[in-house]
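Me: I would like to learn how to read strand pairing and overall shape from a model. Please take me through an example.

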Amino acid sequence: MSTEKNVQIVKNILAALGRRDKQDLLALSAEDIEWIIPGEDWPLAGTYRGHAGLNNLVHNANETVETSYPEPPEFIAQGDLVLVVGFARGRIKATNRTFEDHWVFAITIRNGKVTNIREYVDTQALARASETAASPRP
């Protein structure tokens, strides 16, 4: 598949995420999708596998985080890999603490479906925003 088509698939999946459209997300994702969000001490960190994992991730995100993207992301594609470089502002709902996050998603496309997403995010900023007053780090 051409890099232009792969970039369009990634744009479509990001748009579906923005709309919280689970049906489109599943349609654009391989059944064995793997989504890796690094880090500890913040609600979305972990590895999500398959459509069930993707559903779980979307549900958890809707329940725990509000995010906005004040600038359009940049797309860099080579073969089956599309890198998305962006910036987000958000709030962890449980703590009402805000964060800013410069991020990169490495997204692999095979046979017209997203098969792997690896997030490179500011895990420290997200963990800090997730801390409660009773559990701050030294």
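**Reading the hairpins and the fold**

Reply: Strands β4 and β5 form a hairpin with 2 residues between them, and Gly 79 in the turn has a positive phi of about 60°. This is a predicted model, in which local features need pLDDT of at least 70 and side-chain atom pairs count only at pLDDT 80 or more, while totals for chains, interfaces and linings use all residues. Residues are numbered from 1 along each chain as its sequence is written, and side-chain values use heavy atoms, leaving out hydrogens and water.

Me: How many bridges pair β4 with β5, and in which sense?

Reply: Two strands pair if DSSP finds at least two bridges between them. Strands are DSSP runs of E with at least two residues, helices are runs of H or I with at least four, and both are numbered from the N terminus. Here β4 (residues 74–78) and β5 pair in the antiparallel sense over 5 bridges, and Ile 76 stands opposite Leu 83 in β5.

Me: What does β5 pair with in β6, and how many residues lie between the strands of that hairpin?

Reply: In a regular strand the side chains alternate between the two faces of the sheet. β5 and β6 (residues 97–110) pair in the antiparallel sense over 12 bridges, with Gly 86 opposite Trp 103 in β6. Their hairpin has 4 residues between the strands, and Asn 96 takes a positive phi near 60°.

Me: Which residue in β5 stands opposite Glu 66?

Reply: Glu 66 stands opposite Arg 91. Strand β3 (residues 65–68) and β5 (residues 81–92) run antiparallel and are joined by 4 bridges.

Me: Is Ser 29 buried or exposed?

Reply: Buried means under 20% relative accessible area, exposed over 50%, and partly exposed in between, with a 1.4 Å probe and protein chains only. Ser 29, in strand β1 (residues 29–37), has a relative accessible area of 2% and is therefore buried. Contact means heavy atoms within 4.5 Å. Leaving aside neighbours within four places in sequence, Ser 29 is in contact with Ile 13, His 51, Leu 54, Lys 113 and Val 114.

Me: What radius of gyration does the protein have, and what would a compact globule have?

Reply: The radius is taken over C-alpha atoms, and the globule rule is 2.2 Å times the number of residues to the power 0.38. With 138 residues, a compact globule would have a radius near 14 Å; the protein has 15 Å, which agrees. Of these 138 residues, 38% count as buried. The protein has 4 helices and 7 strands.
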